Amino acid sequence: MPPTPNYTPMLIAQSGPVAGQNWVLSKDVLILGREPDCDIVIPDRQVSRQHARLARVGGTFTIEDLGSKNGTHVNGATLEGPKALQDGDLIQIALIAKLQFVGSEATMPVKLDAAAHPTGPLILPRPAGGRLRVDSGARRVWVKDQELDPPLSVPQFRFLELLHQRAGQVCSRDEVIGVVWPGAEDVGVSEQAIDALVRRVRDRLAELDPTQAYIITVRGHGFRLDNPEK
């Protein structure tokens, strides 16, 4: 079985001009603001150029307002100084964007078998390289330069391809359904079917690299790929 991974907290945008985006908090200090050189850019005039700061203090992230014009709130309360974040906290930047903090303890793998039904190609930006490589045209997968054989089934490959092309971003269960079971959104796909698919893909990747948990479950949000460099 793959080991328990060392998770990194995330921010997931719930509303505003960046709704649907998410950021892995891999740096010790991150600046949120309107300026394009900020770590997390929220392009709206209600957001100050450098609006707020996230900082890792020990094993905890804190958030602090940087004297912004429209303020920063956590769970509806105005920030008056640095505040330690807890899993699920809702951060409001000015009057425009809400971001949810997903703590490390909230992202845990689900033990999840294969389902069926093909889908059309998904056009997304290609990610940078890593231990896991995907050839979309040939439907082939390599892990640490070893090819996965026998190959993944079509639905298994579509799921892994989605995560790979998203380059570490969270893919919701609805997105997974749309890619793996196109047209099934109206009739519904069970949680058990999704979990079985994810479990089987995890097991197949572990055949070649049992030291790395590639597929991360972000509880309440979906899945992302943790694809470290070789």
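Five strands, in the order β4-β3-β5-β6-β9, form an open sheet with mixed pairing. The model is a predicted one.

User: What makes β4 and β9 the edges of this sheet?
Analyst: β4 (40–41) and β9 (83–84) each have a single partner strand, so one side of each is left without a neighbour in the sheet.

User: Why is the length of α1 said to agree with expectation?
Analyst: At 1.5 Å a residue, the 12 residues of α1 should span 16 Å. The C-alpha atoms at its ends are 16 Å apart, which agrees.

User: What makes α1 "mostly covered"?
Analyst: Buried means under 20% relative accessible area. Of the 12 residues of α1, 11 are buried, among them Arg158, Phe159, Glu161 and His164. The cover over the buried residues includes β12, β13, α2, α3, β15 (215–218) and β16. After α1 comes Ala167, with a positive phi near 50°.

User: Why is the pair of Phe159 and Phe223 called edge-to-face?
Analyst: Ring centres must lie within 6.5 Å to pair, and planes over 60 degrees apart count as edge-to-face. For Phe159 and Phe223 the centres are 5.8 Å apart and the planes are at 85°, so the pair is edge-to-face by this rule. By the rule there are two aromatic pairs.

User: What makes this pair a link between distant parts of the chain?
Analyst: Phe159 is in helix α1 and Phe223 is in strand β16, 64 residues apart. Both Phe159 and Phe223 are buried.

User: Which residues does Phe159 touch, leaving out those up to four places away in sequence?
Analyst: Phe159 touches Val176, Val180, Leu197, Val198, Val201, Ile215 and Phe223.

User: Which members of the largest nonpolar core touch the most other members?
Analyst: In this core of 27 residues they are Leu132, Val141, Phe159, Leu160, Leu205, Ile215 and Phe223. At least two residues each come from β12 (132–135), β13 (140–143), α1 (154–165), α2 (173–180), α3 (191–208) and β16 (222–225). Helix α3 gives the largest share, six residues. Another core, of 23 residues, lies apart from this one, and its members include Leu11, Leu30, Leu54 and Ile91.

Methods
Residues numbered from 1 in each chain as written. Predicted model: local features only at pLDDT ≥ 70, side-chain atom pairs only at ≥ 80, totals over all residues. Heavy atoms only, no water. Core = buried A, V, L, I, M, F, W, Y, C linked by side-chain atoms within 4.5 Å. Buried < 20%, exposed > 50% of the residue type's maximum accessible area, 1.4 Å probe, protein only. Helix = DSSP H or I, 4+ residues; strand = E, 2+ residues; numbered from the N terminus. Contact = heavy atoms within 4.5 Å. Phe/Tyr/Trp six-rings, centres within 6.5 Å; stacked < 30°, edge-to-face > 60°. Pairing = 2+ DSSP bridges. Expected span 1.5 Å × (residues − 1).
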